[in-house]
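Visitor: I have the sequence and the model open, and I would like to learn how to read them. Please take me through the features one at a time.

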Amino acid sequence: MVASHELHLLTGGYAIDALPDDERAEFEKHLGRCPSCAEEVRGLRETAARLALATAITPPPQMRARVLAAAPRTRQLPPAGRVQLTARGLRRLPLSRTGLTGGILALAAALVFLLVTNFATTQRLHQAQASSRSVASVLAAPDARVESLAAAGGGTVTAVVSLRQQEAVVTSAALPALPASQVYQLWVMTSAGAARSAGLLTVSSSGTAEPALAGGVAPGDRLGITVEPSGGTAQPTTTPVMVMPVSA
Amino acid sequence: MDTPATTPDLPDPGRSEGGGQDPAGLLALVARGDHAAFETVYDQFAGPVYGLVRKVLRDPAQSEEVAQEVLLEVWRTASRFDPVRGSASSWVMTIAHRRAVDRVRSESAATAREQRLTPGPVAGDDVAELVETALDRQRVRRCLGALTSLQAESVKLAYYAGYTYPQVAKLLGVPLGTIKTRIRDGLIRLRDCMEVT
């Protein structure tokens, strides 16, 4: 897995479609949990658009009639609805190993189905597929382990950890709602005391978090959730509401 | 055959509002199935879309086909355009570039491109291809000129020729990691030079 700071260097290549497919998928996965990367990509795409405008030439005249005639015969996409990846399935997972695999596979299939049916633009589809593939692959990993812990302010946090894949999928139930100015942020904390952001949790009004993927998880690390100002922070600034050890 | 075309307005204080119709507002109308708005959008973007696709693909017939697909894609997916996430130009040109490189990287196109490497008669419109909208072109040239030559080469090969950064690295005989950073640094300097917000 490419280190996070190296992934950040891919903003330029990504903005101008210069990444090979595998790196593109990996970067899109990263993009979902790196607001500063997304902002940089946005700016660099604006820049690339300037490069594009400088190439303008008059298209063949017959093209206009053809495109304008084809439009009325082409069905338009409805506005994108937000895809709700409910974590209900996760919450219901039995914590025993028996029956777990079936539930996980069903959930993984459901996630992929949801994403494929709900996203229409290719770009978002790629992004969603990349992220759902990762979530699904953790959930289906042969060494996947489920842990649940109560959060300090109420609610439960559940994580599915695959040490083989060094990844964890985190979700929650009944986490207390936060004011608009605050967010729940997920961290991977190493035994040496360093904390690395794994992104913000998207929590519904019922306190259920959309499955969030944390990468680079090693034995001895801890998964932590803190309450941070909206937009998140580079390092935790509050006492975690939940710390879950990742055991070997 | 090809002559310079006008380009759409950008939220750029240095440019006049031209036709006076804001592309983002037009896209919102297109999303509701407004054909008149789509005609205007076509007129604003067909030149840059065709120009960019042609720059990447070279082949006029293929470029025309892909440019048509791109413009129909704009019609089809206009509801997905979100002005908060970027300008209309950026949205349309991102679709156009993506479609063009997808075509380039598909196998059939690769073959066609190799065939075009064999010298043939120079068509008159290859010259016209170089005649670009004066203002944009001048600004881009000035800003590209402010980059290091490696930055400029990397950005041009990646964006205008549609190469992946490993391909650019190979072409220039420079390590992968270097090209990765040069593309990003180059684009950031271009962004600052063109005062893109």
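**Reading the two chains**

Guide: There are eight helices and eight strands in chain A; helices (H or I, at least four residues) and strands (E, at least two) are DSSP runs, numbered from the N terminus. This is a predicted model, in which local features need pLDDT of at least 70, side-chain atom pairs count only at pLDDT 80 or more, and totals for chains, interfaces and linings use all residues. Residues are numbered from 1 along each chain as its sequence is written, while chains are lettered from A and ligands numbered from 1 in the order in which they are written.

Visitor: What is the secondary structure of chain B?

Guide: Chain B has ten helices and zero strands. Its pattern along the sequence is α-α-α-α-α-α-α-α-α-α.

Visitor: How many of the residues in each chain count as buried?

Guide: A residue is buried if 20 or more other C-beta atoms lie within 10 Å of its own, exposed if 12 or fewer, and partly exposed in between, with C-beta atoms placed from the backbone. In chain A, 41% of the 248 residues count as buried. In chain B, buried residues make up 45% of the 197 residues.

Visitor: And how do I read contacts along the sequence?

Guide: Two residues are in contact if their C-beta atoms, placed from the backbone, lie within 7 Å. Taking the contacts in chain A with a separation of 6 or more, 61% are between residues 24 or more positions apart. The corresponding share in chain B is 66%.

**The sheet**

Visitor: Which strands of chain A form the open sheet of four, and in what order?

Guide: Two strands pair if DSSP finds at least two bridges between them. Here the order is β5-β4-β7-β8 (chain A), and the pairing is antiparallel. At the edges are β5 (195-201) and β8 (242-245) of chain A, each of which pairs on one side only. From one strand to the next the twist averages 25 degrees.

Visitor: How many bridges join β7 and β8 of chain A?

Guide: Four bridges link β7 (residues 222-229) of chain A to β8(A), in the antiparallel sense. Within this pair, Gly224(A) stands opposite Val243(A), and Leu223(A) stands opposite Met244(A).

Visitor: How is a pair of packed helices described?

Guide: Two numbers are used, the angle between the axes and the distance between them. Axes are lines fitted to C-alpha atoms, for helices over the stretch in contact, and angles run from 0 to 180 degrees between N-to-C directions. In chain B, α3 (residues 60-77) and α4 (residues 88-105) pack at about 140 degrees, with axes 9 Å apart. These two helices, α3(B) and α4(B), are therefore oblique to each other; angles under 35 degrees count as roughly parallel, over 145 as roughly antiparallel, 65 to 115 as roughly perpendicular and the rest as oblique.

Visitor: Which residues meet there?

Guide: From α3(B), the residues include Val66(B), Val70(B) and Val74(B), and from α4(B) they include Val92(B), Ile95(B) and Ala96(B). By class, the contact of α3(B) with α4(B) has seven nonpolar, one polar and four charged residues. Ala, Val, Leu, Ile, Met, Phe, Trp, Tyr, Cys and Pro count as nonpolar, Asp, Glu, Lys and Arg as charged, and the others, Gly among them, as polar.

Visitor: Is Ala88(B) buried or exposed?

Guide: Ala88(B), which is found in helix α4 of chain B, is buried, with 26 other C-beta atoms within 10 Å. Beyond its neighbours within four places in sequence, Ala88(B) is in contact with Pro23(B), Ala24(B), Leu27(B) and Phe81(B).

**Between the chains**

Visitor: How many residues of each chain are in contact with the other?

Guide: In chain A 45 residues are in contact with 62 residues of chain B. The elements giving two or more residues to that side of chain A are α2 (11-15), α4 (35-53) and α5 (61-70). The largest share, twelve residues, comes from α4(A). By class, that side of chain A has 28 nonpolar, ten polar and seven charged residues.

Visitor: At what angle do α5(A) and α2(B) cross?

Guide: The axes of α5(A) and α2 (residues 35-57) of chain B cross at roughly 140 degrees and come within 11 Å. That makes α5(A) oblique to α2(B). Met63(A), Arg64(A), Val67(A) and Leu68(A) of α5(A) make the contact with Glu39(B), Tyr42(B) and Ala46(B) of α2(B).
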